[in-house]
There are 2 protein chains.
Amino acid sequence: MKRIGYLGPPGTFSELAARFYLERLKKNGICEEPAIVCLSSFADILSAVETGEIEEGLLPFENSTEGSINIILDLLAQQFKKAKIKEEAVIPVVHQLLARKSYGPGEIEVVVSHPQALAQCRGFIEQYLYRAQKKEVVSTAEAARLVSLHQGPWAAIGASLVAETYNLVVLAENVNDYPENATRFIVISLKDSEPAPGCKTSLILSVNDRPGALCDILKEFAQRYINLTHIESRPTKGRLGDYLFFIDFEGHREDVHVRDALSHIKDYIVSMRILGSYPAHAAAKKRENS
Amino acid sequence: MKRIGYLGPPGTFSELAARFYLERLKKNGICEEPAIVCLSSFADILSAVETGEIEEGLLPFENSTEGSINIILDLLAQQFKKAKIKEEAVIPVVHQLLARKSYGPGEIEVVVSHPQALAQCRGFIEQYLYRAQKKEVVSTAEAARLVSLHQGPWAAIGASLVAETYNLVVLAENVNDYPENATRFIVISLKDSEPAPGCKTSLILSVNDRPGALCDILKEFAQRYINLTHIESRPTKGRLGDYLFFIDFEGHREDVHVRDALSHIKDYIVSMRILGSYPAHAAAKKRENS
C-alpha cells in the first residue's frame, strides 16, 4: 500500500492538500486507497521519501502572499538531493479566527498561529485585534489546540477544519489580507512524472559569476518560447552575494524544445539539478470549507 | 541634529549596524553626532522617515544564510513608496549561546531567539541542544532579557553585545552554522546618494506577463556590462504566479550607461521604482566582538 507523508498535526492546510491529492488519485482510478502518514517536520518527510520508508510526501512550496517557503527550497538544495517533484497541487488558503467562545475581536488578548498564517493576516490583526499580542507556534493546528486549553480570551488563526477537532467557534471568516491567498504544494517522490499536457519543470541552477550569465540562460528559454513561471534566488549560505536560482517553467524535461534549451544552458552554469517534471492541479475554493 | 532610527531593543545586530554607520559618518567629518532613536517595528522606522520625524532609518535587507528579509521588501513595495536607500552597510553576524550560568549544552531545556537567528543556527541547535525546545521572540535582545529572568536552564542566541546588558555568560561562541554569516543593512532616507565610485542601485520592477520579458530586461543590463548583484522575486499578493522583481546592480542611476539601460527597459515593464543609488560599505569581522 502506498504511503503518503504530510506535516502534522491533523487539521492544517497540509492535511487539506493531502485530502485533495487523494481525491485526485481516486478519480484517476487508483484501486487501493493510500495510507496517509502524519510526520513532524519537513526534513522527516524528505528523509522518509529518500530512504523509501514512504513513497510520497506533500510539502508547501510557495504562498501567494508570503512567497516561497524558504526552508523547503534550502532542504532540497542543501540536504535532500534524490527527491523529485511528481505533482503540484494549489490549495486556496482561507483563514478563520477561532476561539473557545464568542469574544469580540477587541477583547482578544493573544492571537496564536503559525508565523506564515500570522503574516498572511497581518493587516486584519493590526486593524481588529489591536489589544492582542502575537504568539507564534509550529502549526495552525497547534494554535487551535493551545487556544482550546487556555481559559482567557485567546484566539487562533487557521483552517475551519481544525475548529471541529478542537471544538472552537469561528469569530470571523476569511481573515487573510488577500482574498486570492493560495499555497502551492508539491508531491515529492523518488521519480517525477511522465510527459503529459500542462506539465511544469523545476530546476536548481548554480550560475557562473559573470555579468550577463543569468541573462544568457533566460535567453535560451525565451528563444524557444518556453514560459518561465517563477524564478527565485536563494543564498548558497556561503559568501553574501552568492546565490542558487530556482526556476520553474512550462513544459516537460522530455519535450524536444526543453531538452534543447537545457543542453544549451550547460555552457553558462556551474551545476544544474532537475527537481522534476510534473502536472499541475488546482483545488476549487469551496473545498476549503467542506 | 540628525536622528537615525533602528529596531530596538538595544543590544541587537541592528544596534551594531547603527554603531558602524555612526563611525563611518564621524570618519567622514560630520561635525555633530546624530541622535540614535530606538523604534519598535520596521513599519514605524519607515513611517517616521516618510513623515520627517527622523531623517534616516536602518533596516536589515538581506542575510547570507537566510536570504532577503521579506517583510522589508514587502513594506517597501506595498506601503512606503517615498523611502529611498542612501547607503548599504554589511555587518558580520556572529551568534553566541548565552545563559544565566554555565550550563552544559545538553542541559538546556529552552533556546530562545529571533526566528532569523534560530534559522541561522539550525544545525548547531540540532546537534548540541538536543533536549531544547525552540522559542521564537521578536528580537535577540528580547531573548536575552527573557533568559536573564528565567530560573531554569534556558539559553538565548544573540550578539555578545547583549550578554553584558543582561549579565549573561557565553556558553558557546560562533554558533551560526555558516562562518561567513553576514547581514546587509540599508540606510533609508527621503533622498538617495550622489554619484560616487562603487555605488549600487536598487529597483522594483513589475514586468509584462509574456515569455521572455524578464530576459529582455536583463539583456539591457548585460549588453552594457552592468553587473547584477541580486535578483529576487516577491509575490504581488494577488494571484499566485504574479511577481514583483527586486533587482540590485553595480552603478549609479546617473551613470550614462545605467540611464541608457533604464530608458530601454521601459518597453518591457508595467512599472518601475528606483529605490535609490548608494555607496556600499562592509564592517570588518572583528568589530562584532568589540
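This is a predicted model: local features need pLDDT of at least 70, side-chain atom pairs count only at pLDDT 80 or more; totals for chains, interfaces and linings use all residues.
Local features here need pLDDT of at least 70 and side-chain atom pairs count only at pLDDT 80 or more, while totals for chains, interfaces and linings use all residues. Residues are numbered from 1 along each chain as its sequence is written, chains are lettered from A and ligands numbered from 1 in the order in which they are written, and side-chain values use heavy atoms, with hydrogens and water left out.

## A five-stranded sheet in chain B

Let us begin with chain B, where five strands form an open sheet in the order 8-7-9-6-10, with mixed pairing. Helices (H or I, at least four residues) and strands (E, at least two) are DSSP runs, numbered from the N terminus, and two strands pair if DSSP finds at least two bridges between them. Strand 8 (133-136) and strand 10 (169-172) of chain B each have a single partner strand, so they stand at the edges and one side of each has no neighbour in the sheet. From one strand to the next, the twist averages 35 degrees.

Within this sheet, strand 7 (residues 110-113) and strand 9 (residues 154-158) of chain B pair in the parallel sense over three bridges. V110(B) faces W154(B) of strand 9 of chain B across this pairing. Helix 6 (residues 140-149) of chain B lies across strand 6 (96-99), strand 7, strand 8 and strand 9 of chain B, and runs at about 160 degrees to strand 9 of chain B. Contact means heavy atoms within 4.5 Å; axes are lines fitted to C-alpha atoms, for helices over the stretch in contact, and angles run from 0 to 180 degrees between N-to-C directions.

## Salt bridges

Over all chains, the structure holds 44 salt bridges (a side-chain nitrogen of Lys or Arg within 4 Å of a carboxyl oxygen of Asp or Glu). Three of them are set out here.

| E87(A) | R24(A) | 2.7 Å |

The salt bridge of E87(A) and R24(A) links distant parts of the chain, with E87(A) in strand 5 (residues 84-92) of chain A and R24(A) in helix 1 (residues 13-27) of chain A, 63 residues apart. E87(A) is buried at 5% relative accessibility, and R24(A) is buried at 15%. Buried means under 20% relative accessible area, exposed over 50%, and partly exposed in between (1.4 Å probe, protein chains only).

For D260(A) and R224(A), is each residue buried or partly exposed? D260(A) is partly exposed at 33% relative accessibility, whereas R224(A) is buried at 16%. In chain B, E33(B) is partly exposed at 44%, and K26(B) is partly exposed at 48%. Salt bridges that share partners also join E62(A), E88(A), R184(A), K200(A) and D248(A) into one network.

## Helix 8 of chain B

Helix 8 (residues 213-223) of chain B is mostly covered, with nine of its eleven residues buried. Among them are D216(B) and E220(B), as well as L214(B), I217(B) and F221(B). Y225(B), which follows helix 8 of chain B, has a positive phi near 55 degrees.

On a 1 Å grid over the protein atoms alone, a cavity is a set of points where a 1.4 Å probe fits but cannot get out, and a pocket is an open set with protein on both sides within 12 Å along at least five of seven lines; lining residues have an atom within 4 Å of a point. Grid points are joined across faces, edges and corners, and a volume is the space filled by probe spheres set on the points.

Of the 13 residues that line the largest cavity, F61(A), L73(A), H230(A), F246(A) and D248(A) lie nearest its centre.

The second largest pocket holds about 950 Å³ of space. Its lining has 42 residues, and R239(A), L240(A), G241(A), D242(A) and Y243(A) lie nearest the centre.

Strand 14 of chain A has seven of its eight residues buried, so it is largely enclosed by the rest of the structure. Strand 12 of chain A runs antiparallel to strand 14 of chain A, joined by six bridges, and I204(A) stands opposite F246(A). Strand 13 of chain A is also antiparallel to strand 14 of chain A, through seven bridges, with L244(A) as the bridge partner of R234(A).
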